[in-house]
Amino acid sequence: MKTSNIQGYCAIGIYNGKTDHNIGTLWRSAYILGAAYIFTVGKRYKKQTSDVTRTWARIPYFHYDTLEDLCNNIPYDCCLTAIELTEGAEFLHDFEHPKRAIYLLGSEDQGLPDSVLEKCRKVIKLPGNSSLNVAVTGSIVLHDRAAKLKLELPPNHR
Ligand SMILES: C[S@@+](CC[C@H](N)C(=O)[O-])C[C@H]1O[C@@H](n2cnc3c(N)ncnc32)[C@H](O)[C@@H]1O
């Protein structure tokens with residue numbers, strides 16, 4: 001098999017996310033839009049009874065206590081990509097997604113601090129003068145990835 005035919009994988013997570021509802025929403029999008037797993041760094045996620053799609057049964061959730069913990073556990077040749085509305089970030093519409101990517105979002109109140117952005121190989125942003133909701137942002141990025149890489153997504157389910 002030609003290696004260029006391999007569709008790769010991605011994961012998405014939130015650094016010090018504040019609300020479980022956002023993490024739950026992102027987890028659901030992550031499954032539907034083809035992410036391999038979801039994670040949190042810092043603040044841990046407590047499962048919501050409102051998760052009617054039982055996403056936890058479909059793709060795994062991992063927790064890292066610190067950014068260092070995340071960085072020490074990144075799979076081989078996988079690109080840590082920050083998603084942040086910051087100067088110097090590349091616009092999503094021009095962005096070529098890495099075949100293997102870990103997307104990292106910031107918290108609802110603080111965003112991603114510079115110390116975290118410095119550890120990321122790439123930084124991407126969506127246009128706008130102010131921030132979108134964190135789960136909405138992650139969902140748009142995953143959809144962009146799926147569309148550009150023409151990914152085969154999980155089949156419809158009930
Ligand atoms: C509500 S925003 C954080 C807002 C925070 N008060 C700030 O000013 O940085 C939460 C997260 O969503 C993501 N986000 C929201 N809008 C974005 C945009 N236009 N481009 C890139 N990331 C965005 C980022 O990961 C951000 O850290």
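Here is a short tour of this predicted model, from the ligand out to the sheet.

Residues count from 1 along each chain as its sequence is written. Local features need pLDDT of at least 70 and side-chain atom pairs count only at pLDDT 80 or more, while totals for chains, interfaces and linings use all residues, and side-chain values use heavy atoms, with hydrogens and water left out.

**Stop 1: polar contacts.** Now show pairs of N or O atoms within 3.5 Å. At Gly-106, a polar backbone atom is 2.9 Å from a ligand oxygen. Move to Asp-109, where a backbone N or O atom lies 3.0 Å from a ligand nitrogen. Then pick Thr-137: a polar atom of its side chain is 3.4 Å from a nitrogen of the ligand.

**Stop 2: the sheet.** Switch to cartoon view and look for 7 strands in an open, parallel sheet, ordered E3-E2-E1-E6-E4-E7-E5. Strand E3 (61–64) and strand E5 (90–91) are the edges, each with a single partner strand, so one side of each has no neighbour in the sheet. Pairing here requires at least two DSSP bridges. Finally, zoom in on E5 and E7, which run parallel and are joined by 2 bridges; Glu-90 has Ile-124 of E7 as its bridge partner.

Note on methods. Polar contact = N/O pair within 3.5 Å; in protein donor to acceptor, adjacent residues only side chain to side chain. Helix = DSSP H or I, 4+ residues; strand = E, 2+ residues; numbered from the N terminus.
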